[in-house]
Structures are given as structure tokens and as C-alpha cells.
Amino acid sequence: MKTVSNAVGEFLKRPLVSTLATIDEDGSPRTRAIWHDWSEQGLLLFTSTKSPKWKNIEIDNRVSLCVDDPEPPYKSVIIDGHAVRKSGEEDLLYPIVLKMAKKYYGETEGRNFANSYQNMTPADVALFEIVIDRITTQEI
Amino acid sequence: MKLHGPWSSEEIQRFLKETTIPMQIAVNDTNTNPLLISLWFISDGLSLWCATQNSAKILSHLQSHPVCGFQISPETMPYRGVRGQAKVTLSDDDGPRILETLVDKYIAEQESDFSRWLLARKDTEIAIKLEPLKITSWDYSARMKKNSWE
């Protein structure tokens, strides 16, 4: 796995909604907006196991993730890699969802949002990591 | 072309016209890996135009597989935006014109060093036209209004 520099790590911690590209059944790329979390546990994301993006990943786990600041000078990080389910996801899911929800929504609304995930299981929601093959940065 | 989500064709066109953030485009690289890039765009109805230098790798990827995914979604809450898949055509003839329009849209200060630098390269700019095959809109305004974001 590629090493992530401190500057890239700090950028990934900002509450910027990322875009995930997966591969559709016919081979064409598909995009979805998604939250992400960067920490010593890696680059983590979650999604419903019924979502088209997860169904794509189950068939072909190659993904690309773009995190970009829409304001000049348009800093961005693009990560290409493979999506794999996070080991220990059953215990990690709620704390990670709560952390992400607080990051994106703030303390109160974040807790409200994450509450609905307290009783979710890996059958409902996939917590997954992007194992990084390549990092491309702009203005960072 | 298939439309999904809450917005009508007119609402999508208005969103595309008013939005001044980059668009994310997902292409297949030479090994069929998905590859995302961020580009400025302008809209013409439901069609989207971008431009890039003729040396950019994305152009050869799009020549090999002229279908892309795209997404335009502001960071501001409530979350909303459009995404979809599009058929792509490349045009050298339209490159300079599209670049000028992009610079006009995205750079407030037309006489800046940055816009001069961009426009000095306009003859080697290639236009990328996206004709959507399907577009999905999403708008969480109602859902997020119940909370405290607005």
C-alpha cells in the first residue's frame, strides 16, 4: 500500500464529500457521492449492501476516489485502489459512522444521523477500506 | 436519455447553468480501471462540455472507451446534485472556443496571469462533449431542512 504524506492526510481529514467511481456490469464507470474517513485505520467508507456501488464492488473491487475542494486553487487528491471489507467491521461500523457523521454534520446532527446505524449489521451496511495503489494530487 | 430523481429536465438544466464548481468525470484507463478527474464544465441544455490539453491521458482513455460517469455536487448543505453516464465525443475544432467560455465562467478576473496563461495554450486544447445517456438528480433539501442545517 502507498504511503500517504502528512499534507495529503490532513486534506483527507477535511469534511469534503468525495466522489467514488466503480465499474458497472457493462464495464462503464459509475460515480457516487460518498463520505470518507482517513485515520491510522486507513481510508474507510461505508454504504448499504443493497446499493449499486456495493454490488459493483462485489463483482469488481477496483475503485477511484476523488476528494476535491471546489474553491480555487482547486486542491484535490485522487486515490486509485481496491475496495475491501474492513476486518472487524461489526464492531467498527457504528464508531466509524458516528465519527464521519460528526465530521460532516457536526456534533448534534451527527449523533442523530449515526443513531440509525447502531443496530445495523454487515448484512445491511458494508464498512470498507480502499487499499491504495496510486495517489495523484493537485495543489497539495 | 433517462432521467431519474426529483428534478425535471428544466431544473437540471438550471442547476447545471448556475453551478460554478468543477465536475468529476470517471473514465476507464488502459487497463479498464476506473479513473476520476476533476474538470471545469459548461452546459448546453443537458449536454456538458469540458476541455483539456491535447497531451492529457484522459483523451486516449476516452478514445478507447467513449463512455464516462460524471457527477456535479456542491459541498454546501443541503446535499444536492446530478450524476450520470454519458457518451463522449472529442473535438479539436471546439477546443479554443470551449476553453474561452470556461475561463469566462470560472475566472472572475479575466485579465489575470492565470487566465492569460490558460488562453495562451488554447490552440492545443481539445473539447470533450458529454451527451448524457442517463442523469440522476438528488436533493436532500426537504430532509435536511427538518434538521438544523438551514
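1. Let's start with how helices are compared here: axes are lines fitted to C-alpha atoms, for helices over the stretch in contact, and angles run from 0 to 180 degrees between N-to-C directions. Helices (H or I, at least four residues) and strands (E, at least two) are DSSP runs, numbered from the N terminus. Two packed helices are described by the angle between their axes and the distance between the axes. In chain A, helix H3 (residues 89-105) and helix H4 (residues 107-115) pack at about 145°, their axes being 7 Å apart.

2. Before going on, please keep the origin of the model in mind. This is a predicted model, in which local features need pLDDT of at least 70 and side-chain atom pairs count only at pLDDT 80 or more, while totals for chains, interfaces and linings use all residues. Residues are numbered from 1 along each chain as its sequence is written, and chains are lettered from A and ligands numbered from 1 in the order in which they are written.

3. Back to the two helices. H3(A) passes H4(A) in a right-handed crossing (a crossing is left-handed if the near helix is turned anticlockwise from the far one by less than a right angle, and right-handed if clockwise). Residues in contact have C-beta atoms, placed from the backbone, within 7 Å. Among those that H3(A) brings to this contact are Tyr94(A), Val97(A) and Leu98(A), and H4(A) brings residues including Gly110(A), Arg111(A) and Phe113(A). By class, the contact has seven nonpolar, one polar and four charged residues. Here Ala, Val, Leu, Ile, Met, Phe, Trp, Tyr, Cys and Pro count as nonpolar, Asp, Glu, Lys and Arg as charged, and the others, Gly among them, as polar.

4. Now look at the sheet of chain A. Its seven strands come in the order S2-S1-S5-S6-S7-S4-S3, forming an open sheet with antiparallel pairing (two strands pair if DSSP finds at least two bridges between them). At the edges are S2 (29-34) and S3 (37-39) of chain A, each pairing on one side only. From one strand to the next, the twist averages 30°. Inside this sheet, 10 bridges join S6 (residues 76-85) of chain A to S7 (residues 125-138) of chain A, and Val77(A) has Thr137(A) as its bridge partner in S7(A).

5. Which helix packs on this sheet, touching S1, S2, S4, S5, S6 and S7 of chain A? That is H2 (residues 52-59) of chain A, whose direction makes about 50° with that of S1(A). H3(A) lies across S3, S4, S6 and S7 of chain A, at about 60° to S7(A).

6. Why does Leu44(A) count as buried? Leu44(A) is buried because 22 C-beta neighbours lie inside 10 Å; a residue is buried if 20 or more other C-beta atoms lie within 10 Å of its own, exposed if 12 or fewer, and partly exposed in between, with C-beta atoms placed from the backbone. Leaving out residues up to four places away in sequence, Leu44(A) touches His36(A), Asp37(A), Lys86(A), Ile96(A), Leu127(A) and Glu129(A).

7. Leu127(A) leads us to the largest nonpolar core, which has 65 residues; Leu127(A) is one of those that touch the most other members, as are Phe46(A), Cys50(B), Ala51(B), Cys68(B) and Ile128(B). A nonpolar core is a set of buried Ala, Val, Leu, Ile, Met, Phe, Trp, Tyr and Cys residues joined through C-beta atoms within 7 Å. Cys68(B) also has a bridge partner in S7(B), namely Ala86(B). Six bridges join S6 (residues 67-72) of chain B to S7 (residues 80-91) of chain B, and the two run antiparallel.

8. How do the chains meet? In all, 25 residues of chain B are in contact with 24 residues of chain A. On the chain B side, S6(B) gives the most, with five residues. By class, that side has 11 nonpolar, 12 polar and two charged residues.

9. Finally, some backbone details. The peptide bond from Pro72(A) to Pro73(A) is cis, with omega near 5°, and Pro73(A) is found in the loop between S5 and S6 of chain A. The bond from Met77(B) to Pro78(B) is also cis, with omega near 0°. Glu139(A), in the segment after S7 of chain A, has a positive phi of about 65° although it is not a glycine. Glu139(A) counts as exposed because it has 12 C-beta neighbours inside 10 Å.

How values were computed: Contact = placed C-beta atoms within 7 Å.
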